[in-house]
Amino acid sequence: MTIDIDRTQRGIQSIEVGGQLLRALVHNGRPMALKDLAREAEMSAAKAHPYMVSFGRLGLIEQDAISGHYLLGPLALQLGLIGLQQANPVQIATPLIDALAQRIGQTVAIAVWGDRGATIVRIAESPAAVHVAMRHGTVFSLTDTASGRLFGAYLDAAIVKQQLEAARARRKLRDREGAAKVVGMPPQPPVPAWKDFEVQLDEVRRHGISRSEGEIVPGVNAMSAPVFDHTGAIKLAITAIGAAGIFDSRWNGELAKALKACADAVSQRLGAPRR
């Protein structure tokens, strides 16, 4: 049996009504006149005014002495900061990727930036009988994967350059040791120079999403969307991976839109500024 908490728990209607004024103030992101706030909350100014007086006494809002416009008060700011401190990006994103995998029919993973690069920490498998599998702890290549390039596009350039040079050193070591080639796998491309890699990162930033088409495994594509926190810093990559024949890798395709919507929902919970 499913219980609808909203229907079974008793609330206080006047608080919910007044809350619409706070929602309007937050949504607009700027000081507002009472008449504009009331209109946004679909009530009259006369009805809205007592709520604003009470919110002011609590410190949820304050009124500019010159313009008379309302803005968020110190208590609202404290609540917001505490909420951001308590927010766990992976915990917020995990239930969303389960629903996303079911919706798009592809395997979806959450990756965070670790010491060795973008690393898988959560996986939601595709509901399809045949699908591409991923493993927890897998580290994505910075230059050859959608997740790697996504972090490369939004992390500080100094960090990315350091990882690029580390990747170059590892490639030289493998080549010197004569690492065996895997039958059926494409030869690994050379690690790009920074100026060439920058062109790829600019493309990621331009589209707001990263993609890879058969680079690591022939016939396997991936797309990755960024999650940002309240400072605008990238926190997570939400990555979908699947067989090329059933994977829509268009920049503006339905899969890209679904990935972006999921990532944006997590970013919103983390207080990210709008892009």
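Contact means heavy atoms within 4.5 Å. This is a predicted model, in which local features need pLDDT of at least 70, side-chain atom pairs count only at pLDDT 80 or more, and totals for chains, interfaces and linings use all residues. Residues are numbered from 1 along each chain as its sequence is written, and side-chain values use heavy atoms, with hydrogens and water left out.

**Exercise 1.** State what share of the contacts in the protein with a separation of 6 or more comes from residues 24 or more positions apart.

Solution. Residues 24 or more positions apart supply 57% of those contacts.

**Exercise 2.** Describe how helix H7 packs on helix H9.

Solution. Step 1: two packed helices are described by the angle between their axes and the distance between the axes. Step 2: for H7 (residues 146–154) and H9 (residues 194–207), the angle is about 90 degrees and the axes lie 9 Å apart. That makes H7 roughly perpendicular to H9, a class covering angles of 65 to 115 degrees. Step 3: Arg149, Leu150, Gly152, Ala153 and Tyr154 in H7 meet Phe197, Gln200, Leu201, Val204 and Arg205 in H9. By class, this contact has 6 nonpolar, 2 polar and 2 charged residues, with Gly counted as polar.

**Exercise 3.** Work out how strand S5 is joined to strand S6.

Solution. Step 1: S5 (residues 210–213) and S6 (residues 220–228) run antiparallel and are joined by 4 bridges; strands pair if DSSP finds at least two bridges between them. Step 2: serine 212 has alanine 222 in S6 as its bridge partner. Step 3: the two strands form a hairpin with 6 residues between them, and glycine 214 in the turn has a positive phi of about 65 degrees.

Definitions and conventions:
Axes fitted to C-alpha atoms, helices over the stretch in contact; angles between N-to-C directions. Parallel < 35°, antiparallel > 145°, perpendicular 65-115°, else oblique.
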